[in-house]
2 protein chains.
Amino acid sequence: MKPILVKTANEMAKISREIKGTIGFVPTMGYLHEGHLSLVRVAKKETDVVVVSIFVNPSQFSPNEDLDEYPRDIDRDIRLLSELNANYIFLPTENEVYPDGYKTWVNVEKITQILCGKSRPTHFRGVTTVVAKLMNIIDPDFMYMGEKDFQQLVVLKQMVKDLNFRTKIIGCPIIRENDGLAMSSRNKYLSKQGRKNALCLQKSLLLAQKRYNEKVFTSNKIIAEIADLIENNKGVVDYIEIVDSYTLEHLYELKKGCRILVAAIIENTRLIDNIEIT
Amino acid sequence: MKPILVKTANEMAKISREIKGTIGFVPTMGYLHEGHLSLVRVAKKETDVVVVSIFVNPSQFSPNEDLDEYPRDIDRDIRLLSELNANYIFLPTENEVYPDGYKTWVNVEKITQILCGKSRPTHFRGVTTVVAKLMNIIDPDFMYMGEKDFQQLVVLKQMVKDLNFRTKIIGCPIIRENDGLAMSSRNKYLSKQGRKNALCLQKSLLLAQKRYNEKVFTSNKIIAEIADLIENNKGVVDYIEIVDSYTLEHLYELKKGCRILVAAIIENTRLIDNIEIT
């Protein structure tokens, strides 16, 4: 069944308020891959009506980032969402989301300035603002997000808690290509060789889990090993951090349930990945 | 009928979501006067269920301001709201609103940095944040606010529009004492003489309207006259501004529908007032 396309915030808000039953919401920037689709499938299973938004949000890109080249294929996105029986696709224009004279920003402090926030200082402000807007428009019971952008998940959970949104955020597992590369719309930027080199991200995280199993707990030791593996594959490390899964606070020693987060530049593409240590 | 007192956000959100019919919301910092009560009366007339919040919001006070001395009289407030048949009073603690680890702020740019924002640079960030929280908790159809804090009204309307809150903000006329002083919880700080001197605020605004009627349109001329009148009454001018009622942009000439906003310190108390030129 083809989802209903909705282009304006007013129309979407009106529809949402008239829905009986629970609403599951999947926010995306389009160019959907199996990661996104896995979220839609969970939402279909757990809620009555599924709304997917497709909006390449300019405010989460810095001027020097890839907003213009960010891949787009709306027709394909709609076809994929039809196959999954998503009920609504919210597809606003940039001017609909940020009209002339727009002035309001939602900012989560501290946890947005570390990790990805160091190299992308205004990124999370863009994310939290657009998600606050989308939640007000769609009023979902549940919002589904991948764990690949793990910091984003933690930041948005903090926002939802702090601002008393009624929506519950559900984090879903990272979906990977057959060879282990975490799915990302940006993977398409990679050359054949870059694509191969990019596998070092997950490999380094699996190595960390192996070291933990061998009772190596010192964060610095493990971070050094991860860095070696990434650099040996022509990656440039942006950060490697071992953190508490709830606060994102640095841990000097690994413990069960902590997260290792990595960001590295392969060729010209910044990729991220992470693992929960179990 | 005694209103139902609600102390936690979870409880209030649950109640709000179960209300059939429209919700009218009046946010206050308590110590209610006729200005607040006029809002409750309008809300009772226009909506099915009226929720009044009482919360002295610390984040809208600067460290050097009067948070600790800000007047409080909850028993009296409850009695007054009972007489008006308000349905619910939301009365959260500070820790309920800003629990440990609180990190999220809603900020409206530009129009919060002029007028009252100049001498109170973090004030509006506190206001917008707490109102965003209250709107998420109470999910009102209408929110009623006095026009006395005119900049606050414009800032909150901007936030509601920008963040796609479904709530409609209704601005209501300034309520005055018999002698014309705009009602404010801070009027109680004034001595008998200060109370008399404070009348210069409204007098100066009425003088401006008179000048406009006499076809004096030059803002600078009128601002100078207002300043004289305030200073002659031992007031210290914080600002006198003639602005567009929607954008708060400075106007070089008065026009029908513009606003004149004044802030002045009388004794140690900062008072504000404004008038729409008609």
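A cavity is here a set of grid points where a 1.4 Å probe fits but cannot get out, and a residue lines the cavity if it has an atom within 4 Å of such a point. In this predicted model, that definition applies to A:Ala9, A:Phe55, A:Phe90, A:Pro92, A:Glu96, A:Val97, A:Val130, A:Lys133, A:Leu134, A:Ile137 and B:Asn164, which line the second largest cavity.

Chain A has a mean pLDDT of 97, and 100% of its residues reach 70 or more. For the complex, the predictor reports an ipTM of 0.96 together with a pTM of 0.96.

Rolling a probe the size of a water molecule over the atoms shows where empty space is left. In the present structure, two cavities of 30 Å³ or more are found. The volume of the second largest cavity is about 60 Å³. Its lining comprises eight nonpolar residues, one polar residue and two charged residues. Within chain A, α4 (94-97) and α6 each supply at least two residues of this lining. The greatest contribution to the second largest cavity comes from α6(A), with four residues. Chain B is also represented there, through B:Asn164.

The largest cavity has a volume of about 150 Å³. Which residues lie nearest its centre? Of the 16 residues in the lining of the largest cavity, those nearest the centre are A:Arg17, A:Asn136, A:Asp139, B:Arg17 and B:Asn136. The elements that give two or more residues to this lining are α6 (123-138) of chain A and α6 (123-138) of chain B. By class, the lining of the largest cavity consists of five nonpolar, five polar and six charged residues.

A further site of interest is a serine of chain B. B:Ser185 is located in the loop between β7 (168-172) and α8 (192-197) of chain B. Is this residue, B:Ser185, buried or exposed? With a relative accessible area of 6%, B:Ser185 falls under the 20% cut-off and is therefore classed as buried. Apart from neighbours within four places in sequence, B:Ser185 is in contact with B:Gly30, B:Tyr31, B:His33, B:His36, B:Tyr70 and B:Pro71.

Definitions and conventions: Residues are numbered from 1 along each chain as its sequence is written. Chains are lettered from A and ligands numbered from 1 in the order in which they are written. This is a predicted model: local features need pLDDT of at least 70, side-chain atom pairs count only at pLDDT 80 or more; totals for chains, interfaces and linings use all residues. Side-chain values use heavy atoms; hydrogens and water are left out. pLDDT is the predictor's confidence in each residue, from 0 to 100. On a 1 Å grid over the protein atoms alone, a cavity is a set of points where a 1.4 Å probe fits but cannot get out, and a pocket is an open set with protein on both sides within 12 Å along at least five of seven lines; lining residues have an atom within 4 Å of a point. Grid points are joined across faces, edges and corners, and a volume is the space filled by probe spheres set on the points. Ala, Val, Leu, Ile, Met, Phe, Trp, Tyr, Cys and Pro count as nonpolar, Asp, Glu, Lys and Arg as charged, and the others, Gly among them, as polar. Buried means under 20% relative accessible area, exposed over 50%, partly exposed in between (1.4 Å probe, protein chains only). Contact means heavy atoms within 4.5 Å.
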